[in-house]
Amino acid sequence: MPLTRLYLIRHGQTDWNVRAALQGRTDIALNDTGRAQAREARALLQGVRFDAVYSSPLSRAVETAALVSGWERGAIQTDERLTEIAFGPWEGCESRGLGPAFAPFFADPANYRPPQGGESLQSLMTRTGAFAAEMLARHAGQTVLAASHGAALHALLTCALRRPMSEFWAVNLDNCCVAVLESSGGPFHLKEVLGKADAGYAEKYLK
């Protein structure tokens, strides 16, 4: 069977990332560091030819996809299923200040309960998992880049790799890190994670 490759990249740094604020659906642009990270990721993936490029509709992901792929923005397909989880009234708040109500998001994802107007992790997994399944069907034997967000990509990985919720944050996807998934006709498996990562995703938001 032909090999299908899905390169999943988390967007570059934003000013809200620096202060560990929850971005969710709020459309925050990359900062200069984020753009530099995207250019570094492009160099890291030099020689990879993408047959299709997808992105969350949020500008931080679209700009990352364009910088990494070298594609014009008009050629990048935006997909709502790659949008970040909605945090409702918590968007813009620093995660460390939200207390016990937010704590399960990282510490015990299976028991996370979103605020009113927010999205559940189960809903996030359903839509990102559907995206991954569609990539297998639509792009069999091809190489695809998808730019998205921290929680959305961890949800996609949890579904695509058939992992339990207890391993939701197991892969450390720092800004502009790339998870490479491969499939030869069956389920995806994780080949490697590319890029520089500091502390684990959860630790950076809780320390």
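1. A cavity is here a set of grid points where a 1.4 Å probe fits but cannot get out, and its lining residues have an atom within 4 Å of a point. The model under review is a predicted one, and the points below should be read accordingly.

2. With that rule, 2 cavities of 30 Å³ or more are counted.

3. Helices α2 (residues 32–44) and α3 (residues 59–69) pack with their axes 7 Å apart, at an angle of about 35°. The crossing of α2 past α3 is right-handed. On the α2 side the contact involves Arg35, Ala38, Ala41 and Arg42, while α3 contributes Glu63, Thr64, Leu67 and Val68. The class composition of this contact is 4 nonpolar, 1 polar and 3 charged residues.

4. Strands β5 (residues 178–183) and β6 (residues 189–194) run antiparallel and are joined by 5 bridges. Within this pairing, Leu181 has Leu190 of β6 as its bridge partner. The two strands, β5 and β6, form a hairpin with 5 residues between them. In the turn, Gly185 has a positive phi of about 120°.

Note on methods:
Residues numbered from 1 in each chain as written. Predicted model: local features only at pLDDT ≥ 70, side-chain atom pairs only at ≥ 80, totals over all residues. Heavy atoms only, no water. Axes fitted to C-alpha atoms, helices over the stretch in contact; angles between N-to-C directions. Helix = DSSP H or I, 4+ residues; strand = E, 2+ residues; numbered from the N terminus. Left-handed = near helix turned anticlockwise from the far one by under 90°. Contact = heavy atoms within 4.5 Å. Nonpolar A, V, L, I, M, F, W, Y, C, P; charged D, E, K, R; others polar. 1 Å grid on protein atoms, 1.4 Å probe; cavity = no way out; pocket = protein on both sides within 12 Å on 5 of 7 lines; lining within 4 Å. Points joined across faces, edges and corners; volume = space filled by probe spheres on them. Pairing = 2+ DSSP bridges.
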